Amino acid sequence: MRPVKQWRVAAAAALCGALAGVLAGCGVEPTDVIEVGQPAQGAKRPGAPVREVRLYFGFPGGLEPRSRPAAGEVGAEEAVLLLLQGPNEAERMQGLFTDLPKLPQGSVTVIPLPGTVTIRLPLDPTRFSPIARNQLVCTASHNGVPDDRRPEDVKVDLLGNGKSMKNLACDNDLLTPRVGTGTGAPAPSASPAP
């Protein structure tokens, strides 16, 4: 019995040595700690609502949602204003970007109503790229819209400079970059304005 135990110990030691050699030789170098965001504040209570804001940024091949922690519930207005500030440093390091133009502070108005969000802009929204429009539509529809509709059921109107795009909807299935499709993020779906 004793030789079997010694054999197991020797085999385990050899395996650990081999793994250590593989890991040391794989070319991964140690890095410094990169501080991002607020430190953790302890474990969340089971069943407690997660408080976060969901923002949509451009990513090669489409759009990418990102969640940021929030002190309380975040409405569509606050979320769109955060979106207009662009990705933070950590998000930029992950390849995220904004396709929205720089807009003067206070020039955008967001009006959430049951099932709809109206975003008034200082520019013609029809001239925005599909990525920029999707950033606005998806961010607005995924954050604190009255009557708690599913984000896919929220309609967003973009108004500005005498032009409008109405009844835009965010479709999460279209936002995830797909490998090998060769297509970027599609424009939000739209119904003709009345």
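**View A. C138 is buried, with a relative accessible area of 0%.** Buried here stands for under 20% relative accessible area, exposed for over 50% and partly exposed for anything in between (1.4 Å probe, protein chains only). You're looking at a predicted model, where local features need pLDDT of at least 70, side-chain atom pairs count only at pLDDT 80 or more, and totals for chains, interfaces and linings use all residues. Residues are numbered from 1 along each chain as its sequence is written, and side-chain values use heavy atoms, with hydrogens and water left out. C138 forms a disulfide with C170, with 2.2 Å between the two sulfur atoms; the cut-off for a disulfide is a pair of cysteine sulfur atoms within 2.5 Å. That rule gives a count of one disulfide. The bond ties together distant parts of the chain, 32 residues apart: C138 sits in helix 4, and C170 in the loop between strand 6 and helix 5 (172-175). Helices (H or I, at least four residues) and strands (E, at least two) are DSSP runs, numbered from the N terminus. The link of C138 and C170 is right-handed, with 100° about the S-S bond. C170 is buried too, at a relative accessible area of 2%.

**View B. Strands 3-4-5-6, in that order, make up an open sheet of four strands with mixed pairing.** To count as paired, two strands need at least two bridges between them in DSSP. Strand 3 (109-113) and strand 6 are the edges; each has a single partner strand, so one side of each has no neighbour in the sheet. On average, neighbouring strands of this sheet are turned by 10° against each other, direction ignored. Strand 4 and strand 5 run parallel and are joined by six bridges. Look for I119, which stands opposite L158 in strand 5.

**View C. Helix 2 and helix 4 both lie across strands of the sheet.** Helix 2 covers strand 3 and strand 4, running at about 150° to strand 3. Helix 4 lies across strand 4, strand 5 and strand 6, at about 130° to strand 5. For these angles, axes are lines fitted to C-alpha atoms (for helices, over the stretch in contact), and values run from 0 to 180 degrees between N-to-C directions.

**View D. The largest nonpolar core has 33 residues.** A nonpolar core is a set of buried Ala, Val, Leu, Ile, Met, Phe, Trp, Tyr and Cys residues joined through side-chain atoms within 4.5 Å. The members that touch the most others are V117, I119, L121, L136, V156 and L158. At least two core residues each come from strand 1 (52-59), helix 2 (76-84), strand 4 (116-121), helix 4 (130-141), strand 5 (155-160) and strand 6 (163-168). Helix 4 gives the most, with six residues. Zoom in on L121: setting aside neighbours within four places in sequence, its contacts (heavy atoms within 4.5 Å) are L103, S107, V108, F128, L136, L158, L159, G160 and N161.

**View E. D157, found in strand 5, reaches the backbone of N167.** A polar atom of the D157 side chain lies 2.8 Å from the backbone nitrogen of N167. A polar contact is a pair of N or O atoms within 3.5 Å; within protein, one must be able to donate a hydrogen and the other to accept it, and residues adjacent in sequence count only if both atoms are side-chain atoms. D157 counts as buried, at 16% relative accessibility. Leaving out residues up to four places away in sequence, D157 touches V117, T118, I119, M165, K166 and N167.

**View F. N161 and N167 each have a positive phi.** Most residues other than glycine have a negative phi. For N161 the angle is near 55°, and for N167 about 60°. N161 is in the loop between strand 5 and strand 6 and is exposed, with a relative accessible area of 60%. N167 belongs to strand 6 and is partly exposed, at 26%.

View G. The loop in question runs between helix 4 and strand 5. A polar atom of the N143 side chain lies 2.7 Å from the backbone oxygen of R54. Beyond four places in sequence, N143 touches E52, V53, R54, V74, G75, A76 and A79.
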